[in-house]
Amino acid sequence: MPTKRVKCIGLRVVPEVHGKMAYIAEYEGRTLNGQVYYLMQTCIREFEKEHGPITDKDIENVLS
């Protein structure tokens with residue numbers, strides 16, 4: 001079965017964090033989803049800069 005090109009995740013946050021993230025997203029000209037995705041990409045870049053690239057095999061090991 002082919003994997004989906006886009007994965008959806010549920011994320012539970014307290015209302016204060018949700019509101020603040022929505023405010024920051026609007027300030028930055030992004031949707032809330034876009035802001036969270038931007039932060040995830042930033043986290044990945046910083047991690048890989050420090051620890052090296054995350055390979056497909058690394059991902060497969062985590063997801064299996």
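**View 1. Overall dimensions of the protein chain.** The radius of gyration of the protein chain is 15 Å, whereas a compact globule of 64 residues would have one near 11 Å. This radius is taken over C-alpha atoms, and the globule rule is 2.2 Å times the number of residues to the power 0.38. The C-alpha trace spans about 35 × 35 × 20 Å along its principal axes. The model is predicted: local features need pLDDT of at least 70, side-chain atom pairs count only at pLDDT 80 or more, and totals for chains, interfaces and linings use all residues. Residues are numbered from 1 along each chain as its sequence is written, and side-chain values use heavy atoms, without hydrogens and water.

**View 2. Helices of the protein chain.** There are 3 helices and 0 strands, in the order α-α-α along the sequence. Helices (H or I, at least four residues) and strands (E, at least two) are DSSP runs, numbered from the N terminus.

**View 3. Burial in the protein chain.** Of the 64 residues, 5% are buried, that is, under 20% relative accessible area with a 1.4 Å probe, protein chains only.

**View 4. The largest pocket.** This pocket holds about 980 Å³ of space. Among its 21 lining residues, K7, I9, V36, Y37 and M40 are the closest to its centre. Two or more lining residues come from each of α1 (15-28), α2 (32-51) and α3 (56-63); α2 gives the most, with 8 residues. A pocket is an open set of points on a 1 Å grid where a 1.4 Å probe fits, with protein on both sides within 12 Å along at least five of seven lines; lining residues have an atom within 4 Å of a point. The volume is the space filled by probe spheres set on the points, which are joined across faces, edges and corners.

Terms used: Buried < 20%, exposed > 50% of the residue type's maximum accessible area, 1.4 Å probe, protein only.
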